[in-house]
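Thank you all for coming; please have the sequence and the model open while I talk.

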Amino acid sequence: MQFYLNGYRPGDPTVEEPHPSVAERPDGLPAEADVLIVGAGPAGLVLAAQLAAFPEISTVVVDRRDGPLAVGQADGVACRTVEMFQAFGLAQRLIDEAYQVNEVCFWQPDPADPSRIVRAGRVDDVEEGLSEMPHVIVNQARMLDYLREHMERSAARLRPFYGLRAESLEIGDDRVAVTLRDESGEATEVRARYVVGCDGARSAIRSAIGRELAGDPMNVSWGVMDVLAVTDFPDIRLKAAIQSANDGSILIIPREGGYLVRLYIELADGRGVTPATLVEAANRILHPYTIEVKDVGWWSVYEIGQRLCDKFDDVPAGAEATRLPRVFIAGDACHTHSAKAGQGMNVSMADAWNLGWKLAAVLRGTARPELLHTYSAERQRVAAELIDFDRKFAGMFSARPAGSGAEFQRYFVTQGRFTAGVATRYSSSMITGAGAYQELAVGFPVGMRFHSAPVVRLADAKPVHLGHVALADGAWRLYLFADRTRDGFARVCAWLGANAPGIDIRAVLQQGHREVAPAAMPAVLLPRKGRFSLIDYEKIFCPDPRRGDIFDLRGVDRDAGCMVLVRPDQYVAEVLPLDATADLSAFVTRSVGRAV
């Protein structure tokens, strides 16, 4: 990370100097805000963490609970979500604390004695090279702790207000008035330019804008419990999908810390369930193995069907040309599904990151308000794909197993990119191009997340991952992959230096880091910054032959080179030739809202 730009100061460099507005902030709940976030779960806090990067934006977060979540709920963190946490500077902390999922075991009834289960397969959880980040398991409450601490360290010093339930809202000419009620019954009104409902499956914000969750009925019950247990089941520290002949199924998810384990247990009837009855059901499914539960950290019973809203904002379908969105919903407020595929929390946080940078751009005046239409258009389609996947996955898991269960195992493997969170591909829009020059960089598909790769930073010879320069700071990034002769590279750098596009420019050369002098690089890649006009030396990279040449790993055309434009949420917006400066200018003018 970079710091000391405007002067040396002692102490923790991750704690930013507070913005001047913090001193002027009222002690209690403010009456006015730019953004009101209702709900401090995964979606709400990712959105708040993103907006905390812009302390000039007044953000208020409220939650109906009386305090932060302590235990339970979601725990699976997909590779793509860990990539996102890297942008907030939180990935390594998450990885260090979490359980890392490496392999998955599949258990089926023994063909010789169906009353017993036997291991039917064992596969890698994530295919090689899919992400530099692992699939991990950690308590949702800890994820929320990380995000709150990040918000508190930011210049915005942002903290949620607890014990406040949204009751109603009214959309006015320039503000949305939301009535909140505290635990004593006292009502308070907050007026905000934008409101985001991250308040769960029973969302008051969703109801207030007339949206409904539609889909399959909730007709399957599952018990979930986090336990400390002694067992002779051999795969208790591996993720395991277990299907018995007649007693249902269990999904075993080892938890962080080396001892805790989560059990998802299929139930014939969700009524009258206790921890003891869940343990009895687990033992029936695990036969001939047994599990003795010593301590229950948390347990619950849930019935969730696959349900989805038709839109994720307050603009009626077909009215986008005449109305701009003012109220949004995210996470469980607009899509619900089972927990077996571990996607709920991950997709909810991706919703929020997609929306957060767009709200910030509009509020800061760097993008047109029409940008906000792309949130519902992009994320509703992703949620629909998740619903379809979850319906099939949950159905196969709950079905009575046939034969060796190879079909279920095969489906798990083939859908690995989806469960890792890296299969999302956004369609062409005002912020995503058509990919007419995709052949210049086949490993950076337009509309998909920028797949990081190892490089060496030129100035200090440090091996890094290129994608890790993309912080959650709302910036668009342009990666220049140099052509073999560097002639086209030199021309586009000269053009960029003269036209000041207002986006973060990085370069990747084909030469090794010992073959090029930083001082010989174009001035646009050695920008002067801060009050002392210091030089930023961290814009130029070279291949890392020990970990793999990025030009080979991502299929970049060595002769021609290319430009890869990346959105603030790390999705590839467009791939262009190095000489396509007119195309770049037109795209940036349309998408970023400023001319080049």
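**A loop residue and a helix**

Let me begin with Val71, which is found in the loop between β2 (59-63) and β3 (76-77); please keep in mind throughout that this is a predicted model. Once its neighbours within four places in sequence are set aside, Val71 is in contact with Asn139, Ala141, Gly297 and Trp298. The C-alpha atom of Val71 is also separated by 8.5 Å from that of Arg142, although the two residues are 71 residues apart along the chain.

Now to helix α10, residues 406-414, whose buried residues are Phe408, Gln409, Tyr411 and Phe412. They cover an arc of only 160 degrees around the axis, and therefore lie on the same side of α10. On the face turned away from that buried side we find the exposed residues Glu407, Arg410 and Thr414. And what covers the buried residues? The cover includes the strands β5 (103-110), β6 (113-124) and β14 (239-243), together with the helices α9 (373-398) and α11 (416-419).

Of these I would like to look at α9, which packs against α10 at an angle of about 150 degrees, with the axes 10 Å apart. That angle makes α9 roughly antiparallel to α10, since angles over 145 degrees count as such. The contact is made by Phe389, Lys392, Phe393, Met396 and Phe397 of α9, and by Glu407, Phe408, Tyr411 and Phe412 of α10. Sorted by class, that contact has 7 nonpolar, no polar and 2 charged residues.

Conventions: Residues are numbered from 1 along each chain as its sequence is written. This is a predicted model: local features need pLDDT of at least 70, side-chain atom pairs count only at pLDDT 80 or more; totals for chains, interfaces and linings use all residues. Side-chain values use heavy atoms; hydrogens and water are left out. Buried means under 20% relative accessible area, exposed over 50%, partly exposed in between (1.4 Å probe, protein chains only). Helices (H or I, at least four residues) and strands (E, at least two) are DSSP runs, numbered from the N terminus. The arc is that of the directions from the helix axis to the C-beta atoms. Contact means heavy atoms within 4.5 Å. Axes are lines fitted to C-alpha atoms, for helices over the stretch in contact, and angles run from 0 to 180 degrees between N-to-C directions. Angles under 35 degrees count as roughly parallel, over 145 as roughly antiparallel, 65 to 115 as roughly perpendicular and the rest as oblique. Ala, Val, Leu, Ile, Met, Phe, Trp, Tyr, Cys and Pro count as nonpolar, Asp, Glu, Lys and Arg as charged, and the others, Gly among them, as polar.
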